[in-house]
Amino acid sequence: MYNRLILLIFLVFLAGGILGCEDRLVEPVINDWQKGQSDFLSANRNNRGNYAEDTADAGTNKGEGNDSGSSRTIEEGDIVRLINKTLFVLNQYRGLQIISLENISSPEVISAVPIYGYPVEMYIRDNRAYIVVSNYFSYNWGLLGVADGNNEPFYGSIIRVVDISDLKVPKIIGGFQIEGNITDTRIVGDVLYAVSNQYSYYYYGGNTRDNKDLTSVYAINIADPKNIFVSDKLVFDRSNMSYDNNVHVTTDAIFLSQYKWGYVNEYGYYVEANATDITYIDISDPNGKLAIGAKFEIPGVVINRWQMDYYDGYFRVITPDRYWGNGFPNLYVYKVESKDKITPVSKLRIEPPRPESLTSVRFDRDRAYAVTYERRDPLFVIDISNPLQPVQKGAIDMSGWLDYIEPRGEVLVALGHDDAEGQMSLAVSMFDVKDLDNPKMISRVNFGEGWGWVSSDMNNIHKAFKVLDDINLVIIPFSSWSYKDYNYISGIQLIDYFNGENVKGLVKRGLVEHSGWVQRGIPYAGEKLLTVSNEAVQVVDIANRDKPVLNASIDLARNVIDFMAVDATYGLELSTTTLYYWNSSPKSKVNLVPLSNPNTYKPYQSVELDGYFTKLFKVGTNFAAVGYIWDSKNGTYKVVIKSFTLRNSILKVIDSAEFAGNYNWYYYGCPMYDYGMMAEDRAGGYYYGGCYSGGSVAEQLADGRLVFANLKYSYEYDEDYYTYQYTVILKQIKIAADGKIEASDDFSFELPQNAYTGGLVYQGMKAYITYYVPVNIGGKTYYAKAFVRVADLSSFDDVGISKPVNVPGTVIGASLSGKYIYTLDYQYYIDSADYYRTVGYINTLLLTDEKAYLQDRLEILPASKGNSYSYINGYIVKDEKFYYTVFSYSWDKNYENYSYSNVLNTISLVDPEDIMLKSSIALKNQSTGSMKILENRLFITAYDYVSGLLVYKLTDPFYPAFESFYRTDGWTSADNVSASGNKAFVTAGPYGVQVIYLK
């Protein structure tokens, strides 16, 4: 169910936009029509400056400690674990992946377990893998009328137990659903503890649960791998969900921090300010029994785990007095006498030269370190050897700030940012803190270009940022943005680290480049380094740390953009890099894969292409990949076409062509929201919303040729007024039998000044191009005239173009004969409350060289009334049939009760003089999107918290019959579906190719 608060905010915003205006809409309002009509005025879909609708379109943790002499140890999980010659990776897109390093020159994914959700942690113990993911969604198929045994949907987190005794055949043998979002886990002894936030809006669909914000703590007993069970659970209310939980764990306790607003100070007065509740949770029972102990509040905010610590009977915490803006941090010390008795014993106000923001904290036994930031920024050293009287000692004035600190006895190694040269680059710093009164910076190394970041969150940053004492090396997985090249940099920085008696310092060494978001670096087999990102694993030789050498690489999650079946055995997959921008140098691959396993980690063959490629085409007996690259000389994109053959299972690039590109086609005539507007209202700003015509830079014509449509844009500024002009450019491509590419000359025409594009559709060998010209009535441009021009592409060298013909709305298709066209139009409507709304229509028109004559009109989007609105989710025209979905919802005046509907409608266009609604089918999904027809089936994009596809059979094309719902992993759409026989293939980016078996 939609979050009521979010919906309320949205509706209040909407009402404000509708009701807070003054000018009256200029007449005429058009609702009537006549057969044979050839002059049309439409609601201005662009309406710059006036009214328009919105578009719809591992290891033991050194920072936590033993508090009772217990023999139990504290273990933290990680998303990557190396055990002997096996690498376990918890990948966001492909689940648990097991990689053999037996042959280090050729690592191999030997098995995988699809466990989807956002990776939190992974533990390996006793031939079991414990996989923890959040943002997990179990879709209730019952909502779609399909019984699957589920009583209700589940949305939260999940812990899966996987048997890995046979690494090549891992099996899921159990699991636990955890309500809410898991924020922290630990294994202490033989118990796995999980802490989660539960937000009221986590519940999908209508249910009878109380919508409360809760915190849950689970204890899962894993002592017997054959009998894993939840031994206890605590649930208690949250006072505020603005920030996630943070925990500090000992062998006997979890100290849980929860943000709240307001606290009672030492004088008994309530203070309206940031505050934190700390709850002691007793975990001393080795079997997992839980008990809530003392709860106390402190001023300020615990932003991450490093601000809290327990040592020698005392709990210590440093908080800023405000989360945003500058202030003064404070150290609070509490005596833990028992689980039920925790008393404050001291407080120290840390005094920077001026109020500043707290950026990092680290405790190390009887010391604490805190860093603040504003201009020249201090690292403070605090002596807590006497917890009853902590003392602020020396400080270091430095540029930039520190994000994370690793204590090494009398030395600190820290990751942060340096702004000394006006750019906030990443930096690793080393400090001598032997003399508490006189700490010194020993060395600092800056790396990356411009702003940089580490992919791990602050609570897990120590798992990515590694200080390796045994090999004198610091490794930092990072990404950064180059302001010089306007490009992403992603990799692992190597830094020599010396902490000997006579030599201390840091030396910058080489960069290990890596695709995707690089997450971990792991030393292996002497002078090798394993680097892991969300896309790949690399084996790198770092014998020469200045010049790391890539030895081997294996893809974990190819970013799949397009897919097509070649025959019953093979498929072609188009994949690209994920980090690219403007003039970066993206790489793409065409991979030959088996249809039986399109997500294989070892494609039969791969061909690498320079550029960002978006679409595959089959042209005769050959294939083509189309995409674009950045033309740095002219500061624009170039369209790229590669032709290749596939013979005897061998891929071979034959030819290549490039030409200037401008803008992908963008238009304003797509389905949009039906918002209401008071008669006296005027719009409150410029409107530029619209829809893209598709994800490809090319379309394929009936004879196999490719046609590219681009827009060229120019504008002039004169006396506070902009005039702009678009030029439509068409280019055709032939691919001969031998694979050679032939490109036609450009064909172009200019739109009138200030006209804007409305739509582009192809039928046979013709392109129908719609544009809108704003019409000034009474000094207002609430209206526009739409025009269509038809480009005849039957001749490769000589494109014919018709005169502009006025039409009502945007051309969305044409009859099979080409005699009639279909348009989608919006007209203003005045309801009984003197409200201006828009009504949506589909029109059929007889198209001649001079005019388009209206044959019939049918209302498809009714005008909303009062507290309601509707919009068209998506539509498709196919073989003189029009399929579209309409979503509607309404609310009462108190914004408490809501009703929703989503309907699939089918309209017959067979008789252009008598178009009629043939069927309406209620959909269970509240949100749907684009549509596609393949293999006599209608695929509809569906998303309610999770992406999926509704599949309808078109045995009777006027009465679609529900076949199945297919939940996809990752967000995808019907645009990304291809089909062959009884299989449909869905591309979902790094989630790969997913297969739907058609019934």
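Me: Where is Glu719 found?
Reply: This is a predicted model. In it, Glu719 sits in the loop between β54 (706-717) and β55 (722-735).

Me: Is Glu719 buried or exposed?
Reply: Exposed, because its relative accessible area is 70%, and the cut-off for exposed is over 50%.

Me: Which residues form the negative surface patch?
Reply: Glu716, Asp718, Glu719 and Asp720 form that patch.

Me: OK, and which residues form the nonpolar patch on the surface?
Reply: Four tyrosines do: Tyr713, Tyr715, Tyr717 and Tyr722. Together they have about 480 Å² of accessible area.

Me: What gives the most to the nonpolar patch?
Reply: Strand β54 does, with three residues. Tyr717 lies in this strand.

Me: Switching topic, backbone angles. What is phi of Asp126?
Reply: Near 55 degrees, a positive value in a residue other than glycine. Asp126 lies in the loop between β8 (118-125) and β9 (128-138). Its relative accessible area is 49%, so Asp126 is partly exposed.

Me: And what about phi of Ala525?
Reply: Ala525 has a positive phi of about 50 degrees, although it is not a glycine.

Me: Where does Ala525 lie, and is Ala525 buried or exposed?
Reply: Ala525 is in the loop between β37 (518-524) and β38 (528-533). At 57% relative accessibility, Ala525 counts as exposed.

How values were computed: Residues numbered from 1 in each chain as written. Predicted model: local features only at pLDDT ≥ 70, side-chain atom pairs only at ≥ 80, totals over all residues. Heavy atoms only, no water. Patch = residues over 30% accessible without salt bridge, like charges linked within 9 Å, V, L, I, M, F, W, Y side chains within 5 Å. Areas by Shrake-Rupley, 256 points an atom, 1.4 Å probe, with all protein chains shown as cover. Salt bridge = Lys/Arg side-chain N within 4 Å of Asp/Glu carboxyl O. Lys, Arg positive; Asp, Glu negative; His and termini not counted. Charge placed at Lys NZ, Arg CZ, Asp CG, Glu CD. Helix = DSSP H or I, 4+ residues; strand = E, 2+ residues; numbered from the N terminus. Buried < 20%, exposed > 50% of the residue type's maximum accessible area, 1.4 Å probe, protein only.
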